[in-house]
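Dear colleague,

I am handing over the structure we spoke about, and my notes on what was found in it follow below. Please read them with the coordinates open beside you.

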Amino acid sequence: MAWLVLVISGFLETAWAIALDRSAGFSRLLPSAVFVLTLVLSMAGLAYALRDIPVGTGYAVWVGIGAVGTALVGMVALGESASLPRILCLLLVVAGVVGLKIFH
């Protein structure tokens with residue numbers, strides 16, 4: 001259960017990062033509210049997962065999922081560069097996250 005919560009919390013990290021960008025420095029109400037809600041849920045999920053998963057592994061997986069998810073949303077929906085080097089770097093992050101899970 002801890003791993004499932006950790007993965008969901010990683011996706012919520014992507015949500016709060018995108019909401020933070022869309023909030024325009026907290027000048028837009030709805031994205032700012034989404035940011036606060038998803039940030040709290042993401043952190044609460046991380047805290048729950050860390051009861052059973054070592055902090056080094058859990059935090060690295062959480063950040064990795066959030067970073068890859070945010071970069072993918074940026075590329076797919078926000079017009080950021082989807083160059084081959086960027087995609088290869090994201091695949092390295094994914095490989096690291098998978099490795100942490102396998103060797104946990």
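For what follows, a residue is called buried when its relative accessible area is under 20% and exposed when that area is over 50%, with partly exposed lying in between. Please bear in mind throughout that this is a predicted model.

By that scale Tyr59, at 46% relative accessibility, counts as partly exposed, whereas Trp62 is buried, with a relative accessible area of 3%. Both residues belong to helix H3 (residues 55–77), where they are three residues apart, about one turn of the helix.

Since Trp16 lies in helix H1 (residues 2–22) and Phe35 in helix H2 (residues 29–49), the pair ties together parts that are 19 residues apart in sequence. Trp16 counts as buried at 16% relative accessibility, and Phe35 counts as buried at 11%. Tyr59 and Trp62 also form an aromatic pair, which is tilted, with 5.6 Å from centre to centre and 40 degrees between the planes.

Turning to helix packing, H2 and H3 pack at an angle of about 150 degrees, and their axes are 10 Å apart. With angles over 145 degrees counting as roughly antiparallel, the two helices H2 and H3 are therefore roughly antiparallel to each other. The crossing in which H2 passes H3 is right-handed. Where they meet, Ser42, Met43 and Leu46 in H2 face Gly58, Tyr59 and Trp62 in H3, so that the residues of the tilted pair, Tyr59 and Trp62, are also among those at which H3 meets H2.

Finally, there is Ile87, which is found in helix H4 (residues 84–102) and counts as partly exposed at 34% relative accessibility. Leaving aside neighbours within four places in sequence, Ile87 is in contact with Met75 and Ala82. The C-alpha atoms of Ile87 and Leu72, which are 15 residues apart along the chain, are separated by 8.9 Å.

Methods:
Residues are numbered from 1 along each chain as its sequence is written. This is a predicted model: local features need pLDDT of at least 70, side-chain atom pairs count only at pLDDT 80 or more; totals for chains, interfaces and linings use all residues. Side-chain values use heavy atoms; hydrogens and water are left out. Helices (H or I, at least four residues) and strands (E, at least two) are DSSP runs, numbered from the N terminus. Buried means under 20% relative accessible area, exposed over 50%, partly exposed in between (1.4 Å probe, protein chains only). Contact means heavy atoms within 4.5 Å. Rings of Phe, Tyr and Trp (its six-membered ring) pair if their centres lie within 6.5 Å; planes under 30 degrees apart count as stacked, over 60 as edge-to-face and the rest as tilted. Axes are lines fitted to C-alpha atoms, for helices over the stretch in contact, and angles run from 0 to 180 degrees between N-to-C directions. Angles under 35 degrees count as roughly parallel, over 145 as roughly antiparallel, 65 to 115 as roughly perpendicular and the rest as oblique. A crossing is left-handed if the near helix is turned anticlockwise from the far one by less than a right angle, and right-handed if clockwise.
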